[in-house]
Amino acid sequence: MALGVVVAEREIEGGVVPGGDGAEDERRRPRQSGDDLVRDHGDDDQGDDENEEKPVEKARRVRSTRRLSGFPDLPVLPVEDRTIGRAFTDEKTGKLKPCLFVVPTDAEGFEAKSIPMEIVSPELQFQVFIDDVRLPADALVGDEDAGLVQLFAGLNPERIMAASFSTGLARYALDKATAYVKEREVWGTPIGAHQGLAHPLAQSKIEIELARLMTQKASALYEAGDDMAAGEAANMAKYAAAEAACDAADRAVQAHGGNGITQEYGVAGLLVAARAGRIAPVSREMILNFVGMHSLGLPKSY
Ligand SMILES: Cc1cc2nc3c(=O)[nH]c(=O)nc-3n(C[C@H](O)[C@H](O)[C@H](O)COP(=O)(O)OP(=O)(O)OC[C@H]3O[C@@H](n4cnc5c(N)ncnc54)[C@H](O)[C@@H]3O)c2cc1C
């Protein structure tokens with residue numbers, strides 16, 4: 001999951017700001033030159049949708065700086081020396097409206113607390129606190145009024161990347177399991193000769209290939225610019241891939257018997273990583289909500 005999240009943050013950044021490599025400074029423009037935002041604490045900007053993040057700031061335009069305050073606890077990953085902050089306010093309506101900001105991680109008022117995770121991964125997860133952080137005038141990414149569109153532009157590739165992460169993990173687990181059951185002999189027969197072991201692994205092979213196919217479909221639709229169809233396919237791919245990964249990891253542990261729990265064979269650790277694919281970047285339940293509502297036309301359930 002961790003890799004997916006790194007790429008996802010990159011993908012959102014890269015999708016909004018082509019390159020995401022420093023060239024963004026030239027492309028980030030405040031909507032009106034000289035107009036900037038100040039965000040202060042306030043209680044009067046609560047959105048009316050119970051399920052949305054509650055804003056705890058309000059915005060008004062002043063000159064020179066942007067100040068961000070009162071973000072809800074939001075796990076984000078600092079990327080090098082900056083991260084993407086998301087504001088949730090609309091000065092006209094008082095309703096929620098995401099905006100994207102590049103926030104230097106050494107900015108005063110910015111604090112990132114590492115979250116101890118059970119996932120073994122090269123990068124860390126953080127809980128981020130943003131308290132009255134002053135940002136330069138051009139910290140806004142893209143357009144203030146298009147924040148949601150910009151955010152959504154990153155969601156499909158994020159889900160496609162998450163699906164790819166899960167199918168990659170699933171293939172790794174299946175490869176390890178297959179190699180083991182070919183090698184391991186009990187009573188003179190490789191244990192892979194028994195259908196009780198072979199069938200679950202064959203099932204995983206089928207589930208992984210199906211998930212990969214849907215991931216490729218989502219990628220093709222995204223590349224073709226069909227965002228609506230890509231959204232449906234990306235959600236389905238991410239769901240199928242996470243399920244395939246969870247099953248493959250579990251079957252790999254089982255195929256290894258007692259060795260499946262040892263560090264030496266390195267498969268038990270896949271369980272948590274595979275499980276994360278069911279939760280992030282979007283939970284399986286929210287995908288089922290999406291499919292129920294958008295693919296089946298059922299009433300919104302949340
Ligand atoms: C490794 C990792 C990295 C992450 N990185 C980031 C990041 O970079 N940026 C970021 O913003 N977030 C990140 N997250 C957060 C992630 O997006 C959320 O954990 C995820 O979206 C689930 O939200 P939640 O944890 O608030 O769960 P909740 O919304 O509290 O849900 C808890 C459980 O209830 C279920 N549930 C909730 N509502 C419904 C419903 N209506 N119907 C049925 N079931 C429901 C959920 O599916 C879930 O199983 C990361 C999470 C992990 C694990």
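pLDDT is the predictor's confidence in each residue, from 0 to 100. In this predicted model, the chain averages a pLDDT of 76, and 68% of the residues score at least 70. Seven helices and eleven strands make up the secondary structure of the chain.

**Confidence along the chain**
- Residues 1-66 keep a pLDDT under 50, and the model gives them 137 contacts beyond four places in sequence.
- The pLDDT is also below 50 over residues 70-82, a stretch with 36 contacts in the model beyond near neighbours in sequence.

**The chain as a whole**
- Of the 302 residues in the chain, 36% are buried.
- Among contacts with a separation of 6 or more, 68% join residues 24 or more positions apart.

**Helix 3 with helix 4**
- Helix 3 (residues 147-183) packs against helix 4 (residues 195-223) at about 155 degrees, and their axes are 9 Å apart.
- Angles over 145 degrees count as roughly antiparallel, and helix 3 and helix 4 are therefore roughly antiparallel to each other.
- The crossing of helix 3 past helix 4 is left-handed.
- On the helix 3 side, the contact includes Asn-156, Ile-160, Thr-167, Arg-171, Leu-174 and Val-181; on the helix 4 side, it includes Leu-197, Leu-201, Lys-205, Ile-208, Arg-212 and Tyr-222.
- Sorted by class, this contact between helix 3 and helix 4 has 13 nonpolar, seven polar and three charged residues.

**Helix 5 with helix 6**
- The axes of helix 5 (residues 227-255) and helix 6 (residues 269-276) come within 8 Å and cross at roughly 170 degrees.
- That angle makes helix 5 roughly antiparallel to helix 6.
- Helix 5 contributes Ala-245, Cys-246, Ala-249, Asp-250, Ala-252 and Val-253 to the contact, while helix 6 brings Leu-270, Leu-271, Ala-274 and Arg-275.
- Eight nonpolar, no polar and two charged residues form the contact of helix 5 with helix 6.

**Helix 5 with helix 7**
- Helix 5 also packs with helix 7 (residues 284-295), at an angle of about 140 degrees and with the axes 10 Å apart.
- Helix 5 and helix 7 are therefore oblique to each other.
- Helix 5 passes helix 7 with a left-handed crossing.
- From helix 5, the contact uses Glu-232, Asn-235, Met-236, Lys-238, Tyr-239 and Ala-242; from helix 7, it uses Arg-284, Ile-287, Phe-290, Val-291, His-294 and Ser-295.
- The classes in the contact of helix 5 with helix 7 are six nonpolar, three polar and three charged residues.

Conventions
Residues numbered from 1 in each chain as written. Predicted model: local features only at pLDDT ≥ 70, side-chain atom pairs only at ≥ 80, totals over all residues. Axes fitted to C-alpha atoms, helices over the stretch in contact; angles between N-to-C directions. Helix = DSSP H or I, 4+ residues; strand = E, 2+ residues; numbered from the N terminus. Parallel < 35°, antiparallel > 145°, perpendicular 65-115°, else oblique. Contact = placed C-beta atoms within 7 Å. Nonpolar A, V, L, I, M, F, W, Y, C, P; charged D, E, K, R; others polar. Left-handed = near helix turned anticlockwise from the far one by under 90°. Buried ≥ 20, exposed ≤ 12 C-beta atoms within 10 Å, placed from the backbone.
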